[in-house]
Each structure stands twice: as structure tokens, then as C-alpha cells.
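Visitor: Could you walk me through a structure and show me how to read its features?

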Amino acid sequence: MKKLWLLLALFLPALLFLMGVNYFLDPANIFHSDGKQIAQALMQGNEVYIGSGNTDERQIKKNMISLMPKEVDLVVVGPSLAMTIDRVTVGTENMYNLALSGADYYDILAQLGMLEEQQVKPKKILFCVDSTFFDEALYGQMSRSETLKPYADYMLQVISNQDAKKPSGTDWKNAKVLVQQIFSVTYFQACVDYVKSNGLSSLQNMRWSIREDDLSENAYLRGDGSWVYNRAYQSATGETVQKNAQEYNIDYYFTKDGHVSESSKETFEQLIRYYQGQGVEVSLFLCPLSPSLYTRVENQKESHMLLWELEEFACRMAENYDLELYGSYDPKQMGVTDADYYDARHVRHEVLCTFFDWKTY
Amino acid sequence: MTLTSFSFFAFLLIGLLVYYMSGKGQKYVLLAMSLFFYFAIAPATLRYRLKLCAIVFYVVFLTYVGGLLIDRAKGKRRTILTFFCIGGLAAVLFVTKYFYNIFTGIAGLFGNPGAFEWLNFGSVIGVSYFILSAIGYLTDVCWESYPAEKNPVNIGVFVLYFPQVISGPVTRFSQMNSQFCEKTGFDPDRISHGIRRMLWGYFKKLVISDRFFLIVNAVYGDYTAYSGWQIFLATVCYALRLYTDFSGCMDIVMGASELFGVSLPENFNAPFFSATVQEFWQRWHITLGGWFKDYVMYPLQKTKGMIELGKKCKKRFGKKAGKKIPFYLAMVVLWFGIGLWHGGAGYYFIASAGIPFLLMLLGDVLSPLFEKVSNALHIRKESGIFKTVCFLRTNLLLCFAWVFVCAGATGRGFRILGHQASHLLTGERSVLGNTTLQALDLCLMFGGMAVVLFADYLQYKGKSLTDLLDAKPFALRFLAVNAEILVILFYGLVGSSAFIYFQF
């Protein structure tokens with residue numbers, strides 16, 4: 001028995017150390033799901049700093065939906081292009097921004113499915129039309145939406161008038177991944193690198209904290225779920241945007257030789273019909289590209305027709321279903337310059353506000 | 001699954017629990033684990049796994065049935081049966097490793113390189129190792145070293161035993177069977193030694209080996225930008241990388257086996273402390289060299305033809321030559337076999353067989369001359385300086401062979417040697433200039449290598465670092481083991497490259 005204790009004493013401390021570092025530092029938030037607490041803080045009207053770059057936005061927005069009032073004036077869905085739209089922009093307090101970084105076809109359907117499941121009825125939905133929803137080649141490669149996919153499937157059943165089965169409420173992450181990561185040397189090294197690059201002080205409130213003053217440089221979420229970029233990001237100039245536009249992977253984000261997916265278009269039309277049937281107003285938003293990026297894509301128009309196809313489709317939908325359409329991918333039409341952007345794609349919040357003419361509902 | 005993956009540790013842990021709870025059924029657990037492991041490390045296509053399944057079944061079946069038939073047969077029939085069974089096993093090796101390349105090459109000459117695509121079996125993991133073990137078993141049965149095994153499970157475990165199946169060591173049935181058949185009780189000391197051995201392997205592979213690889217890759221990737229001296233340094237780095245990679249792999253394999261109470265034969269014995277090239281090959285990949293000696297070279301020397309040749313040479317060239325000529329001929333066959341085993345590619349053949357054979361031959365032929373010179377210079381062969389010079393000479397000579405492996409092609413190897421000679425001191429870049437290595441990496445590489453060489457020196461002197469540590473108080477052992485673990489955790493290049501000897 002003594003030998004067994006010696007064996008354990010020899011190796012167990014290192015193993016526990018590895019597990020402890022992976023669990024407590026956890027920069028990718030594999031073991032910590034703070035989504036519920038963050039959502040609660042937001043719904044209480046707080047603004048929340050996000051310390052770790054890997055906080056699961058999807059979980060935050062999911063929990064926000066479960067805490068929303070049953071009737072809301074406006075819900076914004078779409079990718080990060082729409083993340084800065086806030087209550088002031090749209091002129092109502094009863095508004096929630098559910099936009100997510102890289103929100104794809106399944107993400108958006110999942111959020112709409114969750115709203116349906118929670119019986120949250122928005123008066124209006126603002127849909128930011130982007131390639132991540134309509135380009136199958138692009139969203140087929142994304143896997144961030146995987147955990148929420150049952151809600152997307154649920155929404156697909158709802159809009160196609162099938163006998164929709166609500167997803168089970170169980171919210172558990174893949175057990176295999178958890179076990180793998182707690183013993184992972186690679187993850188341990190990622191934790192160490194995180195501390196190395198952010199300093200030991202980053203361990204304090206490293207995941208999130210309520211914003212109580214205006215001193216921090218960090219990005220934060222407003223109470224309506226909209227996003228405020230960190231100060232460094234906000235300080236981008238026209239030159240940095242031009243540089244970013246040159247480096248932007250247009251072949252990936254507007255798939256080279258790709259086209260708007262027919263099934264995405266079909267789903268989108270079903271969504272519009274469904275909401276109109278429910279008395280929900282749908283508005284579309286096309287977020288303009290920065291002039292430098294637009295020129296670059298325009299120069300390769302033949303191989304990047306997707307962008308023009310998408311704009312044409314959005315205009316057609318707006319016309320056919322009598323929808324409000326805001327914006328255009330073409331920056332010239334919106335009268336913006338590179339200096340009006342945080343980067344090649346993201347319009348500055350103060351400029352974005354000018355695109356909408358909404359008043360209080 | 002790889003030896004550095006999480007699934008391997010989970011596999012080991014679950015396997016250990018089942019193994020120590022299964023009492024007399026331990027060998028069945030080992031067979032089940034071995035089959036699972038073998039298919040888990042294979043690429044995940046069903047077709048490929050089915051192919052592996054067929055090959056593994058064929059090898060185990062032929063070894064088992066062949067052994068029984070050979071055991072029962074007498075006289076000439078026994079020899080013929082052995083010949084056919086060994087031929088049947090060797091055919092697997094040739095078909096899976098060589099036929100596709102050879103026939104595609106020939107068909108390419110006639111403008112139809114795809115004609116033999118059906119011969120492309122892909123790489124069959126570990127085939128070079130377990131086929132040799134199986135051939136060794138049949139040969140031993142033929143020689144009546146022991147009777148044929150009647151239980152097919154024992155043959156299955158022997159051929160496919162999971163720690164050794166992918167990169168050796170090449171084992172003998174007589175060494176292994178008794179260990180598989182005995183019930184192994186849970187022994188914390190043994191488990192502790194096993195884990196420590198595995199950690200030592202991971203330290204060599206992840207902390208040292210993969211860092212040296214960065215230098216080799218950078219320099220050999222664009223050798224024209226470096227001087228001859230720098231290329232030489234990169235070749236030395238390759239030697240250190242190869243050793244820490246292969247011996248590290250062996251440490252992991254042996255440590256894993258130790259956890260199940262099964263000791264595998266050692267494959268390395270401080271090879272860098274070899275005074276001659278011949279000694280080096282007795283200390284490097286010991287089980288492979290031993291196998292070729294026992295089953296190829298010695299039997300060949302004992303054949304009637306060789307004995308007759310020896311007699312004729314003795315008559316014609318004198319007593320000494322009569323002995324040496326058959327010996328050299330047997331060596332040619334031995335090294336040809338070793339070269340072929342390494343895959344048969346020209347550059348690997350030159351590095352693993354051609355150059356070592358020539359160096360040994362020259363060493364043997366010129367030894368009287370060396371003897372005279374050292375006597376004339378009054379060199380004391382027992383002195384430390386002389387031994388150190390011999391160690392350095394041996395390793396430098398072998399670096400010459402490794403240039404071809406690093407080059408990756410015979411022609412390129414010669415071009416690199418030419419470049420080294422013509423640009424001995426003039427290079428455009430620094431050795432580290434094209435790598436991401438920092439000062440800390442260099443400390444880890446050379447500090448780590450110093451520890452490895454210290455451990456090897458102890459082994460050379462007949463001691464062991466493990467025994468040395470075991471004699472120390474627990475606190476010191478704890479510190480040493482945990483320091484090693486922390487270095488691996490913080491600085492191990494996890495998931496960067498596979499083990500070199502997996503390719504065979």
C-alpha cells in the first residue's frame with residue numbers, strides 16, 4: 001500500500017497541476033460557461049467587459065433570449081457588421097441586438113428558433129444580409145454554430161410548417177472534448193502563453209466584469225447586447241482601413257467563383273413569409289464595404305459575383321415582400337469614406353446610426 | 001491515435017484497469033488491446049483498415065499454422081516448409097513495401113506509370129517489424145530452438161503486441177511468450193518505472209528532438225545558402241535528432257510495455273560512445289542488427305557453400321584471407337538486407353547500409369595498419385583522450401552517411417557533399433537565421449542533450465540514471481521527476497512531428 005501512495009505522490013501533483021492550470025486559466029472558456037451570468041448582468045441593464053477573447057458570444061445571446069420580455073420592439077440578427085447597432089440607433093429601449101461574430105446560416109436560424117421556443121415575439125426583426133448566411137461554401141466550413149444547431153433545425157421545421165419538435169433544454173458540451181482538454185498539454189501551453197502575453201494581472205476578472213467606470217480600454221457589451229469595440233480598435237484611421245482592405249481575404253469571405261446558395265435563398269423567403277404571417281415586420285440591412293475593399297472586390301467582379309447577386313436578391317425580396325431595405329454594399333451610395341470604418345468591413349458606430357431613420361415605436 | 005496523443009493515454013489507462021482486473025485472461029486483454037491499437041493508429045478509411053485486417057490475419061495465420069506444420073515435419077520436408085512459410089511472410093514485406101515502387105518505375109519507362117496502381121497498398125504500419133519477428137519465430141521452430149506454439153492467441157499477441165508493433169523493437173518469441181503467459185500482478189514500483197521511462201522518452205522527443213529538426217529542415221531545405229561547415233553542423237543536429245527521436249520512441253514503447261509487466265529488449269546502448277563503426281551498430285537499433293546477424297549472417301556463414309568457399313580461399317590466398325572472404329561476403333548480404341529493410345530507396349540504402357558497410361570493411365582491412373601506426377606513435381589505447389578521439393571519429397564518419405538521409409535523394413546528397421567541399425566557410429545565412437529558435441530553445445536543446453549524454457555515459461559504464469535516482473531519497477526523486485514533467489509541459493513541442501522510424 002505504501003508503494004501505491006508513493007506512486008501517487010510522485011506523479012499526481014504534476015497531473016493535478018496540469019488539470020488545475022487548464023481548468024482555472026481556461027482562456028478558451030472550455031470549462032467555464034459564463035454566458036448565463038453575463039446575460040443576467042446585461043438584462044439588469046449593466047454594461048459588461050469581456051476579458052477573454054474566447055468568451056462564447058453564442059451562449060451569452062442564447063441566455064439573453066431566455067431572459068427577454070415576451071414582447072419586444074426590435075431584434076437585430078446578423079454577423080458582427082450589425083453588432084454595434086444599439087438602442088440609441090433605433091430609438092427604442094425595448095430592443096435587443098443578437099448579432100454575433102461570424103454569425104452564419106445556422107447561428108441566425110438557431111437564434112430565431114430560440115426566440116420561437118421562448119415565445120418571444122418581436123414587432124420587428126432587422127436582418128443584416130451577409131454572405132455568412134447565403135454562401136453555403138462559406139458557412140459549410142464554419143463550426144462555431146454547432147452547439148446551437150438543434151435550434152436551427154427546430155426553426156427550419158417551424159418555417160416549413162412541419163411538426164416542429166422543441167430541442168431538449170440540456171446544455172452540455174461534448175464530454176470527450178472536456179476530458180481531452182483538461183489533460184491537454186497543448187491547452188496547458190496556450191494557458192501559459194495567455195498569462196505571458198497578458199500578465200498575471202489578467203487573471204483578475206479575466207473573463208468578464210461589470211463596467212463601472214470609463215477607464216478601461218477593453219471592449220464591452222451594452223445592456224441591449226450591442227457591442228462597443230475597444231479603444232485601440234476605435235482609433236483606426238483611413239490608412240489602417242486601407243491596409244486592412246488590402247489584406248482582407250476576399251476569396252474566402254466572398255467565395256471566389258461562388259454564388260448565392262439556392263437553399264439559403266429558399267430558407268430566407270420561408271422566414272419572411274413565416275414572419276409576415278405572424279405579423280412581424282422584417283427589415284433588411286446591407287452593410288456597406290469600405291471604399292478600398294469595395295474597389296478591390298469590384299476589380300475582381302467576375303470571380304466575386306456573390307456580392308452583387310446578394311444585393312440584387314435583397315432588393316428583390318424587399319420589393320416582392322414590401323420590406324424596408326437599409327444600406328447598400330456599395331459605399332458610394334452610402335456616402336462613406338475609409339475613415340468611417342474600424343476596419344475593412346465594420347462601419348463606425350456613429351456612422352452606422354445615420355443609415356437608419358427609425359424613431360420610437 | 002499517436003504515441004503523444006490524448007487517446008493513447010486514455011487507451012493505456014483503460015487497458016491497464018482491464019488488464020489488472022482480468023486475472024488469467026491478461027493475454028486476451030493484450031491481444032484485444034493490440035488489435036484495437038493497430039487499427040486505431042491506421043488512417044481512418046474503411047478500405048485501408050480492411051486491407052490491414054487481411055494482412056494481419058494472413059501473417060498471424062501463416063505464422064501459427066506454419067509453426068505447427070514445420071514442427072511436425074522432418075528432414076527435407078521441414079526445410080521446404082520453412083522456406084515456403086518464410087517466403088509467404090517475406091512476400092508481404094515485398095508486396096507492401098517494394099513492388100509498387102519497382103513496377104511503377106518500370107512501367108513509367110514504357111510511358112504507363114499507372115499500370116500497377118492495384119499494387120499500391122499504401123503504408124502498412126509496422127510491417128517491417130512484425131514480419132521479422134514472425135520469420136524469426138518460424139526459423140527458431142525449424143531449428144528446434146523451441147516447439148511450435150499451440151495457442152494461436154499467443155502467436156497473435158507476439159506478432160501484434162501493441163507497444164512494439166509500430167516501430168519495434170524486433171522481438172524473439174522465446175523472450176516474449178513466457179511474459180505474455182504469466183499472470184502479472186499490480187506492482188506500483190514497476191508502474192512507476194514504466195511511467196518514468198515514458199516521460200524520459202517524451203522529454204527526448206518533444207523537448208530535444210523536434211527542436212533539432214528545425215535546424216536540419218532550415219539548412220537542408222536551402223543548402224546552397226549555407227557553408228560546408230554549417231551543413232556539417234546541421235548534419236550533427238540530424239544525428240542528435242535521429243537519436244533522440246528513435247530512442248525516445250523506444251523509451252515510450254518500453255515504458256508502456258513495462259506498465260503491463262512485459263519487458264522488451266533494449267534497442268540502444270549509448271551508441272555515441274562507440275569507438276568504431278562496428279561497435280556503433282552493436283549499440284544502435286540493437287534488435288534489428290541482432291536479428292540480421294542471427295537469422296541471416298551466421299546461418300549463411302554456416303552453409304556448405306560458404307564453408308567450401310572458405311576452404312578454397314584458404315588454399316589460394318592463405319589462412320587469413322580464407323577466413324575473411326566468406327565473412328565479408330556474409331557482411332555484404334547482411335548489409336544488403338539492412339539496406340533493403342530501410343525501404344530500398346537509393347539514398348536510404350546508401351546511408352543505412354552502403355556507407356556503414358564500406359566503413360566497416362575499410363576499418364577491418366586497415367586495422368593492421370592502424371595498429372602499426374598507433375604502436376609507432378606510442379598511443380595508449382586505454383587513455384581517455386584516445387577513447388574520446390575514437391568516439392568523435394566514429395560519429396563524424398557516420399555523419400557522412402546521414403548527409404544522404406538529410407538530402408532525401410542520392411543525387412542531391414552528392415551535390416550537398418560537393419557544395420560542402422567547395423563552400424567550406426562561405427555561407428550567406430547563419431544556421432539559426434532561418435529558424436524560429438530562441439536562446440531558450442538552444443538551452444533546452446543542448447542542456448537536454450547534455451542530460452541525455454550523461455545518462456548514456458552511465459549506461460556505457462554499466463550503470464543507469466534510474467537506478468541512481470532510485471537510490472536517492474524520495475524527495476530528490478520527486479524533484480527530478482517533476483522537473484522533467486514541468487519541462488515537458490512548458491516546453492514540449494507537442495503535436496509537431498511524427499516519429500521517424502514509424503515509416504518503416
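Guide: We will take the features in turn, with the general idea ahead of each case.

Guide: This is a predicted model, in which local features need pLDDT of at least 70 and side-chain atom pairs count only at pLDDT 80 or more, while totals for chains, interfaces and linings use all residues. Residues are numbered from 1 along each chain as its sequence is written, chains are lettered from A and ligands numbered from 1 in the order in which they are written, and side-chain values use heavy atoms, with hydrogens and water left out.

Visitor: Let me begin with domains. Which domains does the assignment give for chain A?

Guide: Domain bounds come from an automatic or database domain assignment. For chain A that assignment gives domain 1 (1-31 + 173-202) and domain 2 (32-172 + 207-355). Between the C-alpha centres of domain 1 of chain A and domain 2 of chain A there are 35 Å.

Visitor: Next, salt bridges. How many does a search of the whole structure find?

Guide: Side chains of opposite charge can pair when their charged atoms come close. The cut-off here is a side-chain nitrogen of Lys or Arg within 4 Å of a carboxyl oxygen of Asp or Glu. Over all chains, the search finds 27 salt bridges.

Visitor: Please show me one within a helix. How far apart are the closest N and O atoms of R316(A) and E312(A)?

Guide: In the salt bridge of R316(A) with E312(A), those atoms are 3.4 Å apart. Helices are DSSP runs (H or I, at least four residues), as are strands (E, at least two), and both are numbered from the N terminus. R316(A) and E312(A) are four residues apart in helix α16 (residues 306-321) of chain A, so about one helical turn separates them.

Visitor: And are these two side chains buried or exposed, or something in between?

Guide: Buried means under 20% relative accessible area, exposed means over 50%, and partly exposed is in between (1.4 Å probe, protein chains only). R316(A) is partly exposed at 33%, and E312(A) is partly exposed at 43%.

Visitor: What about E350(A) and R348(A)?

Guide: Their side chains meet in a salt bridge of 3.9 Å, N to O. E350(A) is partly exposed, with a relative accessibility of 46%, whereas R348(A) is buried at 11%.

Visitor: Now chain B. Which parts does the pair R197(B) and E266(B) tie together?

Guide: The side chains of R197(B) and E266(B) meet in a salt bridge (3.0 Å, N to O). R197(B) lies in helix α8 (residues 188-221) of chain B and E266(B) in the loop between α9 and α10 of chain B, so the pair ties together parts that are 69 residues apart in sequence. R197(B) is partly exposed at 24% relative accessible area, and E266(B) is partly exposed at 37%. Salt bridges that share partners also join R197(B), K204(B), D251(B) and E266(B) into one network.

Visitor: How do I read a surface patch?

Guide: Patches are made of residues with over 30% relative accessible area and no salt bridge; like charges are joined within 9 Å, and nonpolar side chains (Val, Leu, Ile, Met, Phe, Trp, Tyr) within 5 Å. Accessible areas come from the Shrake-Rupley method with a 1.4 Å probe, and for residues only the protein chains shown count as cover. For charge, Lys and Arg count as positive and Asp and Glu as negative, with His and the chain ends not counted. The place of a charge is NZ of Lys, CZ of Arg, CG of Asp or CD of Glu.

Visitor: Which residues gather in the patch of positive charge?

Guide: K311(B), K312(B), K314(B), K315(B), K319(B) and K323(B) do, on the surface. Helices α12 (304-317) and α13 (319-341) of chain B each supply at least two residues of this patch, and the largest share, four residues, comes from α12(B). K314(B), which lies in α12 of chain B, is partly exposed at 46%.

Visitor: Which residues make the nonpolar patch?

Guide: L362(B), V365(B), L366(B), L369(B), F370(B), V373(B), L377(B) and I379(B) make a nonpolar surface patch of about 700 Å². One of them, L369(B), is in helix α14 (residues 346-376) of chain B and is partly exposed at 48%.

Visitor: Last, backbone angles. Where does A270(B) lie?

Guide: A270(B) is in the loop between α9 (228-259) and α10 (277-283) of chain B. A270(B) is not a glycine, yet has a positive phi of about 45 degrees, and counts as buried at 0% relative accessibility. D257(A), also not a glycine, has a positive phi near 60 degrees. D257(A) lies in the loop between α13 (250-253) and α14 (262-277) of chain A and counts as exposed at 53%.
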